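Please look over the sequence and the model first, and then follow the points below.

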Amino acid sequence: MTENTAVALSTADRERYVNAVREGLSEVLNKDVTGAEESVRLFDELGLDSSSALELLITIEEILGVQFDADELEMTHFETVGSLAGFVAAEASG
């Protein structure tokens with residue numbers, strides 16, 4: 001495998017997790033956010049709140065067929081679409 005292939009796979013994997021976050025957000029918030037940039041702020045721009053954040057995690061778990069360790073969860077993971085996707089990727093691959 002070449003270095004370029006590894007980067008492409010890493011990018012494809014990242015996109016998978018970003019899309020899972022977008023899909024979960026669309027379902028939980030009842031609006032289409034599938035095109036949301038990774039920099040979009042979940043609470044400030046999309047209107048996520050603490051109860052919908054929990055629902056979002058459960059929805060993403062169902063989408064990806066994984067379970068997250070709640071002890072690892074920090075509020076910084078919920079700052080943006082990208083930060084949540086990073087947490088999801090780390091949990092799903094760990």
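In this predicted model, the buried residues of helix 2 are S52, A53, L56, L57, T59, I60, E61 and L64. The points below start with that helix and then turn to the aromatic rings.

**Helix 2**

**Aromatic pair F43 and F78**

- Two aromatic pairs are found when the whole structure is searched.
- One of them joins F43 and F78, whose ring centres are 6.5 Å apart and whose planes meet at 75 degrees, so this pair is edge-to-face.
- F43 belongs to the loop between helix 1 (3–29) and helix 2, while F78 belongs to the loop between helix 2 and helix 3 (81–93), so the pair ties together parts that are 35 residues apart in sequence.
- F43 counts as partly exposed, with a relative accessibility of 29%, whereas F78 is buried, with a relative accessible area of 4%.

**Aromatic pair F68 and F87**

- The rings of F68 and F87 have centres 5.6 Å apart and planes at 50 degrees, so this pair is tilted.
- F68 sits in the loop between helix 2 and helix 3 and F87 in helix 3 itself, so the pair ties together parts that are 19 residues apart in sequence.
- Both F68 and F87 are buried.

Notes. Residues numbered from 1 in each chain as written. Predicted model: local features only at pLDDT ≥ 70, side-chain atom pairs only at ≥ 80, totals over all residues. Heavy atoms only, no water. Buried < 20%, exposed > 50% of the residue type's maximum accessible area, 1.4 Å probe, protein only. Helix = DSSP H or I, 4+ residues; strand = E, 2+ residues; numbered from the N terminus. Phe/Tyr/Trp six-rings, centres within 6.5 Å; stacked < 30°, edge-to-face > 60°.
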